[in-house]
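Work through the exercises below with the sequence and the model side by side. Try each task before reading its solution.

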Amino acid sequence: MDSVDHVVDAWRARRPELDTSPLEVVGRLLLCAHHLESALVAALKPLGLSFGDFDVLNTLRRIGAPSGTNPRELARSSLITSGAMTARLDRLANAGLVERAPDPTDRRGVLVRLTDSGTRLADEALTAVLAADERFLEPLGPTDRDQAARLLKRLLEPYDATA
């Protein structure tokens, strides 16, 4: 019996008139998110990166625009405020991982791009994150992973439609 079973059993005993079955799925989703986040933070720590830093570096790496990317676009893709993005970019620039250059199409704008060392670290960090993801998913075989991905996608569809 896992911790979610204990919670569900306790609620069933305390409030038997309630349907507590959603807790069996949602509780486990929350626990999975917590354990995976902890694993990702641990995988990135030796590289000196927070998960937020990893997100910025790998968004830039994935976009791959040679001239750079607008910080507003980066903030939008990371779902954070432009102020929070500025703080992250300042930290990454001070570490020599990104550089800012004037946007040739907007006098007031800047473009952000990875430095060579930022590119190398982004690649190393992605490898570490994918290894942590693999360890987390190890109990599931390919068929289970495909099924879990399909079911989770279905759960997220109503939210994707409004995004």
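## Exercise 1: a glycine in a helix

Task: locate Gly 27, and say which residues Gly 27 touches, not counting residues up to four places away in sequence.

Solution. Gly 27 lies in helix H2, where helices are DSSP runs of H or I of at least four residues, strands are runs of E of at least two, and both are numbered from the N terminus. The model is a predicted one, in which local features need pLDDT of at least 70 and side-chain atom pairs count only at pLDDT 80 or more, while totals for chains, interfaces and linings use all residues. Residues are numbered from 1 along each chain as its sequence is written, and side-chain values use heavy atoms, with hydrogens and water left out.

With residues up to four places away in sequence not counted, Gly 27 touches Val 4 and Pro 22, a contact being heavy atoms within 4.5 Å. The C-alpha atoms of Gly 27 and Asp 5 are separated by 9.3 Å, although these residues are 22 residues apart along the chain.

## Exercise 2: the packing of H1 and H2

Task: describe how helix H1 and helix H2 pack, beginning with the angle and the distance between their axes.

Solution. Begin with the geometry: H1 (residues 3-14) and H2 (residues 21-44) pack at an angle of about 150 degrees, and their axes are 9 Å apart. Axes here are lines fitted to C-alpha atoms, for helices over the stretch in contact, and angles run from 0 to 180 degrees between N-to-C directions. That angle makes H1 roughly antiparallel to H2, given that angles under 35 degrees count as roughly parallel, over 145 as roughly antiparallel, 65 to 115 as roughly perpendicular and the rest as oblique.

Next, take the residues in contact. From H1 come Ser 3, Val 4, Asp 5, Val 8, Trp 11 and Arg 12, and from H2 come Ser 21, Leu 23, Glu 24, Gly 27, Arg 28 and Leu 31. Sorted by type, the residues of this contact of H1 with H2 are five nonpolar, three polar and four charged, where Ala, Val, Leu, Ile, Met, Phe, Trp, Tyr, Cys and Pro count as nonpolar, Asp, Glu, Lys and Arg as charged, and the others, Gly among them, as polar.

## Exercise 3: H3, H4 and H5

Task: work out how the axes of H4 and helix H5 cross, and then turn to the crossing of helix H3 and helix H4.

Solution. The axes of H4 and H5 (residues 82-94) come within 9 Å and cross at roughly 110 degrees, and the two helices are therefore roughly perpendicular to each other. Pro 71, Leu 74, Ala 75 and Ser 78 of H4 meet Ser 82, Met 85, Arg 88 and Leu 89 of H5.

For H3 (residues 51-63) and H4 (residues 71-78), the axes come within 10 Å and cross at roughly 115 degrees. Asp 55, Thr 59 and Leu 60 of H3 make the contact with Leu 74, Ser 77 and Ser 78 of H4.
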